[in-house]
Amino acid sequence: MSNSHSLKIYNSLSGKKEEFVPLEEGHVGMYVCGPTVYSDVHLGNCRTFVSFDIIYRYLRQKGYVVRYVRNITDVGHLTDDGEDRMAKGAKVARLEPMEVAQKYTVGFHELMQIFNTLPPSIEPRATGHIPEQIDMVQDIFSRGYAYERNGSVYFDTIKFAKENPGVYGQLSGRVIEDLLVETRDNLKSQDEKNHPSDFAIWMKARKEDLMVWKSPWSVGFPGWHLECSAMSTKYLGKTFDIHGGGNDLKFPHHENEVAQNVGACGCAPARYWLHTNMLLLNSRKMSKSEGNTISPFELFTGNSPFVSKGYDPMVVKFFMLMAHYRSTLDISDDALLAAEKGYRKIMETNRQLQAIAVNAADFDGSETDTDRKILSLIDDVFAGMDDDFNTAMAIASLNELGSYINKYVHQQIAANEIAPWVIERMKTVFSTVIFDIFGLRDETESGGDSGTMEGLMDLILAMRAKARENKDWAASDMIRDALAAVGIQIKDGKEGTRWEKIDV
RNA sequence: GGUCUCGUGGCCGAGUGGCUUAGGCACAGCUCUGCAAAAGCUGCUACAGCGGUUCGAAUCCGCUCGAGACCUCCA
């Protein structure tokens with residue numbers, strides 16, 4: 001399903017929307033910073049990965065062959081006390097570091113499946129790319145942007161900034177002069193670094209560090225930031241199309257990443273930088289370290305003081321899609337409730353649409369205003385997606401289409417108002433957008449799980465229909481109420497009774 | 001303190017110079033219905049405050065107030 005719009009993407013480097021033109025026609029290389037697997041992923045991470053999943057899916061939908069690389073960081077992050085995070089987790093839990101990493105990697109994958117996201121093309125691990133990272137340190141060294149102190153290697157940001165004007169700070173909007181000024185305040189720092197903005201690209205291990213490797217400088221481990229530079233280069237090339245991640249990674253992580261790549265090869269890594277905005281709880285950023293967080297499973301089960309009930313993962317996903325990925329999104333019970341209704345409605349509309357059997361005899365062959373309006377709305381759906389992946393706009397247009405579908409189904413507009421091929425086109429658009437691009441699942445479908453359930457419900461509804469025929473309202477209502485008590489909602493309609501499982 | 005973003009109707013949330021009444025939820029009326037639910041239709045016209053630019057601003061500029069993010073690990 002293609003369309004005529006050109007795709008526009010907001011590029012954090014330039015601060016504006018730009019037309020997307022890949023380096024190599026028909027192909028897109030996209031790198032997204034994945035999770036650090038030293039604890040459970042939280043909902044904020046999910047939003048970012050869901051956003052990029054939709055970007056990935058949409059690029060594919062537009063016909064691009066996409067190589068989507070999303071890493072797993074299982075080494076390299078330092079805690080405040082300088083201890084490797086993985087090692088810290090290991091000591092607390094008395095597990096092998098790799099055991100900790102494995103546990104949370106598996107959990108992360110499960111969650112991504114629950115949200116129905118596609119796996120990336122390549123999911124490299126930092127620990128699996130130590131040689132590549134050592135090579136990159138050497139490249140940076142040979143180009144003069146690194147210095148060694150007691151077995152650790154640091155990136156020389158000041159020298160780099162002077163020799164590469166306009167590069168360091170471009171992404172995050174930082175000013176080099178400010179960096180230079182900072183020096184004075186930090187002179188007394190006992191740090192090994194020449195300058196506070198310098199950062200480690202190789203760290204010499206202390207005796208308590210568990211995850212260590214040999215290098216030309218010391219036995220130690222690579223610095224944070226370096227893994228992404230090394231792995232994106234390895235799998236996507238020195239320069240590639242899209243680099244994504246959460247807003248909070250912009251500085252210092254992404255800024256330093258750019259510096260490392262440019263420092264190592266003289267060329268900029270990504271051409272388009274995309275940053276997703278934060279998911280808020282209580283109007284504050286969700287954060288593991290600050291404890292302001294609700295876990296995905298607490299949200300699914302309702303086991304949290306922040307929500308009145310559990311929400312289906314697809315409802316949570318739909319809730320995320322109702323906002324643009326670059327806006328902050330404040331999670332609240334009311335908003336989730338509204339999203340749940342909206343999600344059910346759009347799924348119901350789709351089912352009604354797919355069930356329409358067009359009768360060619362109803363059609364007189366002319367194109368009506370309604371046809372034109374519908375085609376225009378379909379165009380709006382894709383125009384929204386082409387405008388920096390604006391899912392909120394796409395959903396709005398889908399809802400407007402839904403209004404036509406409902407009027408048609410309820411015979412509030414004449415059958416010959418909409419041409420059969422337009423109906424068919426709507427069917428394709430709905431299923432493509434909802435299932436292929438948004439990656440939603442229809443969890444509201446009647447039955448679904450087993451034929452037994454279907455059969456039982458058919459029986460029960462037949463009994464109720466019989467009771468109603470005999471005007472035995474007591475029996476009829478008893479069945480209705482009893483079903484409601486176990487979470488099954490009865491929907492009486494013109495053509496019979498449908499049912500749906502709802503949360504109690 | 002420095003850098004930056006945002007402040008939209010009861011709630012969530014798009015939109016960035018003049019036609020979008022965006023959309024969703026809630027609410028009200030109506031249709032349908034044995035009643036109800038569900039479903040459908042219709043209605044509900046906002047853009048923090050002040051000043052400026054402009055023929056015209058929610059949309060551009062300035063100031064004020066408020067919220068948040070980054071500057072330290074964080075999607």
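This is a predicted model: local features need pLDDT of at least 70, side-chain atom pairs count only at pLDDT 80 or more; totals for chains, interfaces and linings use all residues.
Colleague: At what angle do the axes of H1 and H10 cross?

Modeller: The axes of helix H1 (residues 43-61) and helix H10 (residues 313-321) cross at roughly 70 degrees and come within 10 Å. H1 and H10 are therefore roughly perpendicular to each other.

Colleague: Which residues meet there?

Modeller: From H1, the residues are Leu43, Cys46, Arg47, Val50, Asp53 and Ile54. They meet Val316, Lys317, Met320 and Leu321 in H10. By class, this contact of H1 with H10 has seven nonpolar and three charged residues, and no polar ones.

Colleague: Let us step back. How many helices and strands does chain A have?

Modeller: Chain A has 16 helices and 16 strands. Its C-alpha atoms fill a box of roughly 90 × 55 × 35 Å, taken along the principal axes. Of the 504 residues in chain A, 49% are buried.

Colleague: And what share of the contacts join residues at least 24 apart?

Modeller: The share is 74%, counted among contacts in chain A between residues at least 6 apart in sequence.

Colleague: How many residues are in the largest nonpolar core?

Modeller: That core has 85 residues, and Leu43, Leu59 and Phe438 are those with the most contacts inside it. H1 gives the most to this core, with 10 residues.

Colleague: What does Leu59 touch?

Modeller: Setting aside residues up to four places away in sequence, Leu59 touches Leu7, Phe20, Val28, Met30, Tyr64, Val66 and Ile242. There is also a second, separate core of 33 residues, which includes Ile140, Val153, Tyr168 and Ile201.

Colleague: Turning to the sheet, what is the order of its four strands?

Modeller: The order is E4-E3-E10-E11, in an open sheet with parallel pairing. Strand E4 (65-70) and strand E11 (270-276) stand at the edges with a single partner strand each, so one side of each is left without a neighbour in the sheet. On average, neighbouring strands of this sheet are turned by 20 degrees against each other, direction ignored.

Colleague: How many bridges join E10 to E11?

Modeller: Six bridges join strand E10 (residues 240-246) to E11, and the two run parallel. Within this pairing, Gly244 stands opposite Leu274 in E11.

Colleague: Which strands does H1 lie across?

Modeller: H1 lies across strand E3 (27-32), E4, E10 and E11, and runs at about 175 degrees to E3. Helix H8 (residues 250-265) also packs on the sheet, where it touches E10 and E11. The direction of H8 makes about 160 degrees with that of E10.

Colleague: Lastly, which helix holds Phe430?

Modeller: Phe430 is found in helix H14 (residues 420-437). Phe430 is buried, with a relative accessible area of 0%. Beyond its neighbours within four places in sequence, Phe430 is in contact with several residues, including Ile346, Leu353, Leu398, Ile405 and Phe435.

Colleague: How far apart are Phe430 and Gly365?

Modeller: Phe430 and Gly365 are 24 Å apart in space, C-alpha to C-alpha, and 65 residues apart in sequence.

Terms used. Residues are numbered from 1 along each chain as its sequence is written. Chains are lettered from A and ligands numbered from 1 in the order in which they are written. Side-chain values use heavy atoms; hydrogens and water are left out. Axes are lines fitted to C-alpha atoms, for helices over the stretch in contact, and angles run from 0 to 180 degrees between N-to-C directions. Angles under 35 degrees count as roughly parallel, over 145 as roughly antiparallel, 65 to 115 as roughly perpendicular and the rest as oblique. Contact means heavy atoms within 4.5 Å. Ala, Val, Leu, Ile, Met, Phe, Trp, Tyr, Cys and Pro count as nonpolar, Asp, Glu, Lys and Arg as charged, and the others, Gly among them, as polar. A nonpolar core is a set of buried Ala, Val, Leu, Ile, Met, Phe, Trp, Tyr and Cys residues joined through side-chain atoms within 4.5 Å. Buried means under 20% relative accessible area, exposed over 50%, partly exposed in between (1.4 Å probe, protein chains only). Two strands pair if DSSP finds at least two bridges between them.
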